[in-house]
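Visitor: I have a chain on the screen and would like to learn how to read it, feature by feature. Could you take me through it?

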Amino acid sequence: VIAHLRDAAPAFDPTCMPEPDPRRPLEMRAPGGFGLLLVRRLTDTFTYRPRSGGGNEITVLKRHTM
């Protein structure tokens, strides 16, 4: 399965964001980031490219395994 997600938002490359540490206590963590952690761990490929004319495109790929 390949999914291409496109938007017209300001440029943002989520592939450059550091992974949050799920072992840190909640009160010591900044909000956000766990959706990206799930995408990285549950997909085989996660790529970003800026769209010409503005916006972002994220591509995720998940291979079928038996």
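**Reading the fold**

Guide: Starting at the N terminus, the protein chain runs β-α-β-β, where helices (H or I, at least four residues) and strands (E, at least two) are DSSP runs numbered from the N terminus. Because the radius of gyration is 14 Å, well over the 11 Å that the globule rule gives for 66 residues, the protein chain is more spread out than a compact globule; the radius is taken over C-alpha atoms, and the rule is 2.2 Å times the number of residues to the power 0.38. This is a predicted model, in which local features need pLDDT of at least 70 and side-chain atom pairs count only at pLDDT 80 or more, while totals for chains, interfaces and linings use all residues. Residues are numbered from 1 along each chain as its sequence is written, and side-chain values use heavy atoms, with hydrogens and water left out.

Visitor: How many bridges join strand β2 to strand β3?

Guide: Two strands pair if DSSP finds at least two bridges between them; here six bridges join β2 (residues 45-50) to β3 (residues 56-61), and the two run antiparallel. T47 stands opposite T59 in β3, and in the hairpin, with five residues between the strands, G53 takes a positive phi near 90°.

Visitor: What percentage of the 66 residues count as buried?

Guide: Buried means under 20% relative accessible area, exposed over 50%, and partly exposed in between (1.4 Å probe, protein chains only); in the protein chain, 18% of the 66 residues count as buried.
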